[in-house]
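Have the structure open as you read.

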Amino acid sequence: MASGEPSLAEVCKTLQNVRILRLCFCDVAGIRRLRAVRLPADNDARTRFLQDLTQTGIGMCVACIALPAYGDVAVPGTGLDAVGEIRLCPDWPSLRCLPWKAGHAMVQLVMRNIDGGTWDMCPRSALKRAAGELAKHGLRMECGFESEFILYRKDSQGKRVPVDKSVYCQETAFEDMADILDEMTSCLEEMDIGIVQFHGESSPGQYEIVTRHCDALQAVDKLLETRAAIYGVAKKHGLIPSFLPKVDNKVAGSGCHMHFSLLEISTGKNLFESVSNLSKVDTAKPTFPAQLEQFIAGVLRALPAVMMLTVPSPNSFRRLVPSCWAGCFIIWGVQNREAPLRLTLMPTNEAGSFKTTNMELKLFDGTAQPHLGVAAVISAGLYGMAKALSLPNPVQIDPVDLSAEQAAAEGVFRLPTSISAAIDGLSSVPGYSMMTEVMGKDLLNVVMVVRKAEYDFFADKELEEEAEILLERY
């Protein structure tokens, strides 16, 4: 649907040919879940049903938002158990009819208390709060995502195998899946999800679909809708898609890189378009607008805390290997794909001149709860603005090539190497206090407890066993 809150009449019109409405949410473990309802055939009854659904939603036990990826069990320490209920209410601007499944539609949910107030643990509401805080500075974020996934088929023994043995951007890999990729991207376009490009990726059976940037909340909704469309189309053709970050140590993993920009609310101007001095990045730091530099510096400084929400699973850290374009050090760079924060460049019409429109965050993958991940990035940026931080010089080489003395002199440090280490060090991470202030201390505690339980569960398991459990959950 169009942006803005639609009327009940507009909702009814969108759903006029829909039988089944999927009420969708993503839990703190990053697993997409849903409840489904059948819509009455009679128009008057359907209108009353949708009005009631809008006002009161449907009930769910509070513990269901905090189930770990390894199983449906309540994790001790979250404060969420068998006692208590929330209401799942549709957020109608996210309503989409499903092109791959006639008569079905999906809508993202906001979680409310029984009295109708916003539930403190609602991830979607956490992103809305973060965006609201950024708006107080006259700014809004837009972002887009690179969705990497592997397509599997079952062999004669029933074992999952990648659909090909190709390498990066191999033409035959695209040709083999061209009809399916066409159907996937056509569905996305019908759902008003813009496509930048799509192609084969580095791992066997791996593909990437890059979706166009838009307002942060819409972008996250569209990311979840993109995954639903990829899965729905793939299953129609007997294939199994997976967004799991790492399934095989011998090949590349799957990320979900986030590209973000900051825009002035009053003018719509992208602050990145005012970055200058981009042709001399090897000898001088680019010149940023003050608010933009402070925001990026906050994200950089808070990366050890941000990653708890953007690459938050034990499996995530199997992908974060130095010299593999994953971004394992606390650095930023200009067109440096070893940097977790990469300033992107594109040429202008003037020879030797460049411009930029966004920053890429490589520390994002398919196990993240994306509303919380983007909220964490905004919160870290707000910290940088509050402290008027400045960026260090960009690192323009693979940081592993720095000597210990050079790394120390330039302040280059390795990011935590496990989710357990990331959680244990949170109290000393600059910017974490701003995350708790914006997103909520209790919500972040739930995330920490669930992710630490996943770490403990998978600690003694090899990747093969871990992937067998998780591959079809992400």
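Start with a polar contact (N and O atoms within 3.5 Å, one able to donate a hydrogen and the other to accept it, with residues adjacent in sequence counting only if both atoms are side-chain atoms): the side chains of His104 and Arg22 meet at 3.3 Å. This is a predicted model, so local features need pLDDT of at least 70 and side-chain atom pairs count only at pLDDT 80 or more, while totals for chains, interfaces and linings use all residues. Residues are numbered from 1 along each chain as its sequence is written, and side-chain values use heavy atoms, with hydrogens and water left out.

His104 sits in strand S6 (residues 104-112); helices (H or I, at least four residues) and strands (E, at least two) are DSSP runs numbered from the N terminus. His104 counts as buried because its relative accessibility is 13%, where buried means under 20% relative accessible area, exposed over 50% and partly exposed in between, using a 1.4 Å probe and protein chains only. Beyond its neighbours within four places in sequence, His104 is in contact (heavy atoms within 4.5 Å) with Val18, Arg19, Ile20, Arg22, Cys97 and Leu98.

**Two buried loop residues**

Asn270 belongs to the loop between S13 and helix H7 (290-301). With a relative accessible area of 9%, Asn270 is buried. Setting aside neighbours within four places, Asn270 is in contact with Ser261, Leu262, Leu263 and Thr357.

Thr78 is in the loop between strand S3 (58-61) and S4, and its 8% relative accessibility makes it count as buried too. Leaving out neighbours within four places in sequence, Thr78 is in contact with Ala66, Val446, Val449 and Val450.

| Side chain | Backbone atom | Distance |
|---|---|---|
| Asn270 | nitrogen of Phe272 | 3.0 Å |
| Asn270 | oxygen of Thr357 | 2.9 Å |
| Thr78 | oxygen of Val75 | 3.3 Å |
| Thr78 | nitrogen of Leu80 | 3.1 Å |

**Other loop spots**

Pro93 lies in the loop between strand S4 (85-90) and strand S5 (96-97). Its relative accessible area of 22% puts Pro93 in the partly exposed class. From Pro93 to Gln108, 15 residues apart along the chain, the C-alpha separation is 8.7 Å.

Asp192 isn't a glycine, yet it has a positive phi of about 65°. You'll find Asp192 in the loop between helix H5 (178-190) and S9, where it counts as exposed at 52% relative accessibility. Ala388, not a glycine either, has a positive phi of about 50°, and its loop runs between helix H10 (370-386) and helix H11 (404-410).

**Rings**

There are ten aromatic pairs in the structure. Rings of Phe, Tyr and Trp (its six-membered ring) pair if their centres lie within 6.5 Å, with planes under 30 degrees apart called stacked, over 60 edge-to-face and the rest tilted. Phe457 and Phe458 make an edge-to-face pair, 5.0 Å centre to centre with 85° between the planes. Phe458 is buried at a relative accessible area of 3%, whereas Phe457 counts as partly exposed at 28% relative accessibility. Ring pairs also bring in Tyr70, giving a cluster of Tyr70, Phe457 and Phe458.

Charges over rings turn up as well (NZ of Lys or CZ of Arg within 6 Å of the ring centre and within 35 degrees of the ring normal). Arg227 lies over the face of Phe243, 5.7 Å from the ring centre, and Arg414 does likewise over Phe329 at 5.9 Å.

**Pockets and cavities**

Which residues lie nearest the centre of the largest pocket? They are Glu146, His257, His259, Arg342 and Glu360, out of 45 lining residues. Strands S7 (139-154), S9 (195-200), S10 (206-211) and S13 (258-264) each give two or more residues to that lining. The largest pocket holds about 1,200 Å³ of space.

On a 1 Å grid over the protein atoms alone, a cavity is a set of points where a 1.4 Å probe fits but cannot get out, and a pocket is an open set with protein on both sides within 12 Å along at least five of seven lines; lining residues have an atom within 4 Å of a point. Grid points are joined across faces, edges and corners, and a volume is the space filled by probe spheres set on the points.

The structure has five cavities of 30 Å³ or more, and the largest cavity contains about 60 Å³ of space. Its lining includes Cys24, Phe25, Gln108, Pro123 and His371. Strand S1 (20-26), S6 and helix H3 (123-135) each supply at least two residues of the lining of the largest cavity.
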